Amino acid sequence: MVTYYDDRSVQVTSTSVRVDGRSYALADITMIWHRRGTRSWRVLVGRGALGAALAGPLVAAVLGIGVAVWLHRSPTVTIAIVGASVLVGLGVGPVADFLFEHLDRSYARGSRQLEIWARWRGQPVRLLRTGDALRFGQIYRAVQRAVEHSQPVRPGIRR
């Protein structure tokens, strides 16, 4: 028996697909397809907030430098304002890696609900529904490989 995918709730082997305790024999599956749901506004707003958190200190630094030049104060005051603005701009550095990591994970997870469907014993059955795009892709490809390898090879047809 070959295992194509295995995690806490999904197992795809050369004989069956098991999802949340329910098992579907590959011999009974004739077709696999997927569906994408609508975009999640919550995820999109979260990405926007991360972008604003990254850009905020840089915008504040640029504005501070602009204000320092616009005020036409003494060189000491101008240097102090520019210095403070630069420090605010540099403040994004230590936090940027953390924020970019969260932004990257957000794109890996995706912004839609994704479903894997199969025709099992002649009936459409939803095997899985998840918002994690990376996990969905891994499971979907594993089910495709398992079904392809479980099909008998007919004479005259190459794979």
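Q: Are Tyr-24 and Trp-120 buried or exposed?
A: Buried means under 20% relative accessible area, exposed over 50% and partly exposed in between, with a 1.4 Å probe and protein chains only. Tyr-24 and Trp-120 are both buried. The model is predicted, so local features need pLDDT of at least 70 and side-chain atom pairs count only at pLDDT 80 or more, while totals for chains, interfaces and linings use all residues. Residues are numbered from 1 along each chain as its sequence is written, and side-chain values use heavy atoms, without hydrogens and water.

Q: How many aromatic pairs are there?
A: A pair of aromatic rings is described by the distance of the centres and the angle of the planes. Rings of Phe, Tyr and Trp (its six-membered ring) pair if their centres lie within 6.5 Å; planes under 30 degrees apart are stacked, over 60 edge-to-face, the rest tilted. The count here is three aromatic pairs. One of them joins Tyr-24 and Trp-120: with centres 5.0 Å apart and planes at 90 degrees, this pair is edge-to-face.

Q: Where do Tyr-24 and Trp-120 lie?
A: Strands are DSSP runs (E, at least two residues), numbered from the N terminus. Tyr-24 is in strand β4 (residues 22–25) and Trp-120 in strand β6 (residues 112–120), so their pair ties together parts 96 residues apart in sequence.

Q: Which aromatic pair is stacked?
A: Trp-33 and Trp-117 are stacked, 6.3 Å centre to centre with 15 degrees between the planes. Trp-33 belongs to strand β5 (residues 29–39) and Trp-117 to strand β6, so this pair ties together parts 84 residues apart in sequence. Both Trp-33 and Trp-117 are buried.

Q: What sits over the ring of Trp-117?
A: The charged end of Arg-35 does, 4.6 Å from the ring centre. The rule asks for NZ of Lys or CZ of Arg within 6 Å of the centre and within 35 degrees of the ring normal.

Definitions and conventions:
Helices (H or I, at least four residues) and strands (E, at least two) are DSSP runs, numbered from the N terminus.
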